[in-house]
Amino acid sequence: LPGETVPASLSHSHGGKGSNQAAACARAGSETCFICSLGRDDVGVAAKAFLDDLGVAVCAFTDHAQPTGCAAIAISAAQNGENTILLAPGANAVLPLNFTVDAVTKFFSPRTNNSARSSTPPNVCIAQLETPLSVVAAALTAAHSAPSPAATILNPAPAAALASLGPSALPQWLRDASIDFLTPNEVELEQILDALPAAEEPPATFSPFPPTATLPIPNATVAAVRRRLLAPMLVRVAVIVTLGNQGAVIVTTDDAAHVPAFKVDSVLSTVGAGDCFNGYLASTLPALPCPIADIATAARVACVAASLSVTKQGAAESIPTLAEVTAAMAST
């Protein structure tokens, strides 16, 4: 409450949405490049060292005077580990567009035969909204048009800046960003839908996948996703709504699927669970085009990874290894 002093314990953890997602991709076994802006400070040095140890190729812009971005996260023990985050973007706010596009294009370019990079498809580029909107859109577009094109995922968090574009500018931004998959949580989805212009219901009707599925979000929300995001091609393939302990719902133009969460015995912290989901999703998505059943298979792996992450403290530190995820899936 305003004015209230609440006792708490304090700990430090590696984090940041992009960093967490890069860590999850690496722990899922993918070759990963993290394009970012870091301060020339102890926090930036530690962040790079942590990702280096995971095998992530860190492509960092440091030619500026800003500190490395940081966040203060309040975790409620009384509310099953739910959290509130205060973000100080710092260096994130000065990530240059040209630097980012060049790095994306280079990573998704053919390599020589002696390169350590695996040639196994598909390529995937994932972005968040902790850097300028113009840079995010340019990065995703560059990934789509790269010499070795990549599927694109936008995790619209935090969504406030995107929603602030409003009905006149938001549709064009989404269209220009070349988004294949949008992965909001329920709050972010509501913010985005509220900011888009009203649209008529398209004539086609959706059916759950499988036909016996019961969706944990209202049919009206599924219809709104279809008519405001998918029908006008603002999102090209699917909207995947993350629902915490209820798993995720996948919505395409003509289908919708519920992927339940993996059940765990205890929840210590939900910090980073969404990032863990997104990183594992990026690492397990099939090549496009693909049916909703294949997207659901990837989301199932991501849900298991996210569920395991909440049983540990920390953000990036809580992300499970691929071996742990595989073992958990085998136990069900």
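A crossing of two helices is called left-handed if the near helix is turned anticlockwise from the far one by less than a right angle, and right-handed if clockwise. The model is predicted, so local features need pLDDT of at least 70 and side-chain atom pairs count only at pLDDT 80 or more, whereas totals for chains, interfaces and linings use all residues. Residues are numbered from 1 along each chain as its sequence is written, and side-chain values use heavy atoms, with hydrogens and water left out.

**Exercise 1. Describe how helix α7 packs against helix α8.**

Step 1. Helices (H or I, at least four residues) and strands (E, at least two) are DSSP runs, numbered from the N terminus. Helix α7 covers residues 186–195 and helix α8 residues 219–230.

Step 2. Their axes lie 11 Å apart at an angle of about 50 degrees. Axes are lines fitted to C-alpha atoms, for helices over the stretch in contact, and angles run from 0 to 180 degrees between N-to-C directions.

Step 3. The two helices are therefore oblique to each other; angles under 35 degrees count as roughly parallel, over 145 as roughly antiparallel, 65 to 115 as roughly perpendicular and the rest as oblique.

Step 4. The crossing of α7 past α8 is left-handed. Contact (heavy atoms within 4.5 Å) is made by Leu189, Ile192, Leu193 and Asp194 of α7 with Thr221, Ala224, Val225, Arg228 and Leu229 of α8.

**Exercise 2. Determine which residues of α7 are buried and which are exposed on the face turned away.**

Step 1. Buried means under 20% relative accessible area, exposed over 50%, and partly exposed in between (1.4 Å probe, protein chains only). Glu188, Leu189, Ile192, Leu193 and Ala195 are buried in α7.

Step 2. These residues span an arc of only 165 degrees around the axis, which places them on the same side of α7. The arc is that of the directions from the helix axis to the C-beta atoms.

Step 3. The face turned away from the buried side carries exposed Val187, Glu190 and Asp194.

Step 4. The cover over the buried residues of α7 includes α5 (160–163), α6 (166–176), β7 (181–182), α8 and β9 (238–242).

**Exercise 3. Locate Cys59 and state its contacts.**

Step 1. Cys59 belongs to strand β2, residues 57–61.

Step 2. Its relative accessibility is 24%, so Cys59 counts as partly exposed.

Step 3. Apart from neighbours within four places in sequence, Cys59 contacts Cys33, Phe34, Ile35, Cys36, Phe99 and Ala103.

Step 4. Ala103 is also among the buried residues of helix α3 (residues 97–107), and the buried residues of α3 pack against β1 (33–37), β2 and α4 (133–144).
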